[in-house]
Amino acid sequence: MSADKRKTMIEVVGLNKWFGQFHVLKDIDLVVRDGERIVICGPSGSGKSTLIRCINQLEHHQEGDILVGGVPVEKKGGNVREIRGQVGMVFQSFNLFPHITVLENCTLTPQLGLQMPKAEAEEIAMKHLTRVGIDDQALKYPLQLSGGQQQRVAIARALTMQPKIMLFDEPTSALDPEMIKEVLDVMVELAEEGMTMICVTHEMGFARQVADEVIFMDQGEIVEAGAPESFFANPRYDRSQQFLAHVM
Amino acid sequence: MSDTLIFSPKPDRPAPAESVGLIGWLRGNLFKDVPNALMTILGAYIAFVVLSWVLNWAIFNAVWEAESRRECLDTVGRSGACWPGVGVWFENMIYGLYPKDKVWRINLGFAVLIAWMIPLWMPKVQSKVAIGLSAVLIYPFLASYFFLGGDKSILWTALISMSLTGFGWVWATALSETFVGKSIGEVIVDKAGARNADERRQRLIKRGAAFVIFLVAVLLVNEWALEEVRTRFWGGLFLTLVISGIGITFSLPAGILLALGRRSDMPVISMLCTAFIELFRSVPLITILFMFNTMLPLFMPQGVEVDQLLRAIVAVCLFAAAYMAEVIRGGLQAIPKGQFEAAASLGLGYWQTTTQIVLPQALKIMIPTIVGNFIGLFKDTTLVSIIGLFDLMNMARAVGEDTTWLGLFIEPFFAVTMIYFVFCFAMSSYSMRLERKLATGRDR
Amino acid sequence: MALSTEAATPKSSPSNPLSRMWRDARIRAIILQVLTLVGVIAFFGWLVMNTAYNLSQRNMSAGFGFLDVSAGFGIGFTLVEYQEGDSYLRVFYVGILNTLLVAVVAIFLATVLGLIVGLARLSDNWLIGKIARCYVELLRNTPLLLQIIAWYFGVFNLLPRPKQSIELAEGFVLNNRGFYLPAPVPEAGFNIVLITFAAAVIFAIGLYRWASVRLDKTGKAFPAISTGIAVIICAPLAVHLALGAPLGWDIPVLKGFNFTGGTSVPPSFCALIVALSAYTSCFIAEIVRAGIQSVSKGQLEAAGALNLPPNWTLRRVVMPQALRVIIPPLISQYLNVTKNSSLAIAIGFPDLVSVWMNTSLNQSGRAIPIVAMTMAFYCLVSLSVSLVMNYYNKRALLKER
């Protein structure tokens, strides 16, 4: 195994989080390097979503360190904007802004966050919308689109901030089966272009195709982590075997 | 295949002290940052000042026994409440100017209402809808006689007897369904030994029994001779409850009919309902009360006198019905078209669809708003004080005009405010509980 | 055989043309409507007949001729000139103005107060939230009339006599005759200040437009709103000072037993405004709270994940969605304030109902035209507001599939 010279994008050391008295994340250690594609899977309630939400500070952790691009995440959320500028997120429920058009959803960040002129912002927005195959719907309103189309818009919207890392929180769980493929295809393309991504998902096919590492979580801990071939073929722990037996 | 490793989960650790427990709660909720901490301190100070001032006035410095206001003022001046005035007038605030020796009739009337409605809470009773409807449609005759008294025409006697019979029926049904598991009609048929007889005979027996009981009721009612107490003497909480009670029970069915009428395909009905609703909703209640008060005598044929209380009640009822109609229309609009289509494809007619499918859903959605309307109606009854009726609020003012307690104003108003607050708050808490209980299969 | 011919005829094929008509839903509908119409017309006709008879008995007419007649009573508070000898029509006009004054002032105060309380309800601070909740529950569950009378008889009527007035500030005096404030007396040159003000407003609007265009063109934001407000306040002020303050003030001065000079509003007005504003504010607070809570948490999370600056999140994500939910019920509340102002009659403030539907009706006896005119006014107000709201609702509807 050659020394991994790629830059460390995300480093999580000894992460512990409680919801009230409920210990939801226990001693999580994680390293994500540039260009890596990580898939996190596990039963519901295992803390997978909570973990990635801690990374971009949608949840606050009580113990442990998170470093994003070398910058430590402050527990009380002091440098939130600096962190979030590097990390993009796609949600299970899309969370598009329903009162503005698809194009306006995507120009909001470049225009107001990155302070670009409108023409330039629209150019970037259209570029990403074309990339996800939705450019013909640019002037429609989000609620006029199907679920799969909305999620692709959400991906394009997240990409307009030019993030270095993309987080996906069960992006296809709220979609009808026929629409899952169109979203996964976009994510695969993104991966092949070299985007660093952490993806919480139940779609094992996607994991097999794209992931560099699969992490299995249960009850707030990382049970097992490894390359997809070895994880799917030879899970080492009983819990992993049980889980895979149910999901496959 | 290598040996399977057993996953033993790490034990839970308790959360760090600053984030949970009392300290965690204090930090999160009261002292999150400097502005918050300042607000907490300021708020606590203001709350303390206000509470201590109110408690001092109402309890600690208050006078509990005195013969007149002068005595109170001599004792504590204005820094303490003078409760004896409220105590002396309390019965008037509840019953108005109703003759004190006949107040038992009011109590009896309300006791009968409560007794009438108790079966609604008994778990084994099946006929709850019928009992509820009878409370609304049949009970009022009995109550009117208790409250009003006076001479009984034949028709009036018949109605009161029917009401009494209804009361008997309600309790007979409640008891028979709870202890025997069958409706009272079936029990009577059994006792007459006609369990296996055909339908017609059974119905004959049931109707015969009902008729016999009715006759007994008539004989009883004939013996009653309650002196008339004219509505001029009705007042206080009693009057407020009568007006709002009638208003509430009228507004719901009337509102339903108006809402259905407004949505109707028949243009004449739709326009009439819309005009009625829009007119009564555009103007203040006080103008409607004035209108009925001053103009009704002009509209009535020569010699017909309409009781002033009745005028106010009609005004309140029509006003409430218009508002209720809009609330129900909102509920009807919220029902997806698919429901109507499904009902039509099942062959259900207009009234069947409406009563079985549409209205139950619409009413369930709008329960909080409907109860909000009831609460509003209860509060709006204070307006009748402006046209001279002696509702609860006017009785409070009357205390301060009594020479013994001249000028006593804040104490009776405090008491009346408490009464209104308790009623309204109880109703809104009940509606929130009802909403939660009935949230079946909606947003999970 | 006991089969009767009657039983043999199935019920579903009537040979009777009348019952065939009844079964046809369309014809049934028409018959029903005709009957309803006839019934309604008959009922109103009966009312009209009775009324005509009663009116003739009392020697009254139902016309509007009385409007020119002198009313013959004084009015305690008027926004415009009014003498005892003025016509009934003038009384109607004065009443309308008073009602509108109460409505406008109460609406403004209620909105400001309601906004504060609504935001307090949403606060992270448990104590502030609870205090706001107590305020809302207490005022909401007590009748408005009770509150108006409590404020009037309990507070504003108990104020000291003019000789011992409470002075809030120089020229702002509270006593049991009312609330006195200085009246502005424009001198020569004040017109220039007013013109400056108008110019400042136009400039601010223009500035906002320019800033929007600039934002689109170059991506750079300009604090147009705060600059605009600053200009609107400072420019007229500067001109005012430069011209040597051409605005005199007629300060109320105690002369003998009472104050002269300045303007005043009676204690009944103060009580009405305070009670109406406080009462309506708790409904507005709940509306604001519901509106802001209607914006789902996911929207805020998405905006956060996109690293949108917080002020832009508020302006472009939260406010547009919250306002859609807030505005319709808010307008309803404004309408309620206008209607509730009629309770002024309980404390003697001369609003439309008090001065027109009560005093004028008693004086002139012309019940029908007076009631009709009052209803017409309120109907007009309500219906015009409804039209505006419908228009807003249509425009603001979120476009769905």
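Which side chains meet in a salt bridge at 3.8 Å, N to O? I will come to that after a word on the model.

This is a predicted model, in which local features need pLDDT of at least 70 and side-chain atom pairs count only at pLDDT 80 or more, while totals for chains, interfaces and linings use all residues. Residues are numbered from 1 along each chain as its sequence is written, chains are lettered from A and ligands numbered from 1 in the order in which they are written, and side-chain values use heavy atoms, with hydrogens and water left out.

Now the answer: A:Lys118 and C:Asp216. A salt bridge here is a side-chain nitrogen of Lys or Arg within 4 Å of a carboxyl oxygen of Asp or Glu. Between chain C and chain A there are 2 salt bridges. The same interface has 8 residue pairs in polar contact, both residues at pLDDT 80 or more. A polar contact is a pair of N or O atoms within 3.5 Å; within protein, one must be able to donate a hydrogen and the other to accept it, and residues adjacent in sequence count only if both atoms are side-chain atoms.

In chain C, 27 residues are in contact with 32 residues of chain A, contact being heavy atoms within 4.5 Å. About 2700 Å² is buried between chain C and chain A, with 58% from carbon and sulfur atoms. Buried area is the accessible area (1.4 Å probe) that two parts lose on being put together, summed over both. Of what chain C buries there, C:Leu306, C:Asn307 and C:Lys399 supply 24%, more than any other three residues.

Next, chain B against chain C. Here 51 residues of chain B are in contact with 54 of chain C. The two chains bury about 4600 Å² between them, 74% of it on carbon and sulfur atoms. On the chain B side, B:Leu298, B:Phe299 and B:Lys379 supply 14% of the buried area, more than any other three residues.

Last, a sheet in chain C. Its 4 strands form an open, antiparallel sheet in the order S1-S2-S3-S8; strands are DSSP runs (E, at least two residues) numbered from the N terminus, and two of them pair if DSSP finds at least two bridges between them. Strands S1 (166-169) and S8 (263-265) of chain C each have a single partner strand, so one side of each is left without a neighbour in the sheet. S3 (178-181) and S8 of chain C pair over 3 bridges, and C:Leu181 stands opposite C:Thr263.
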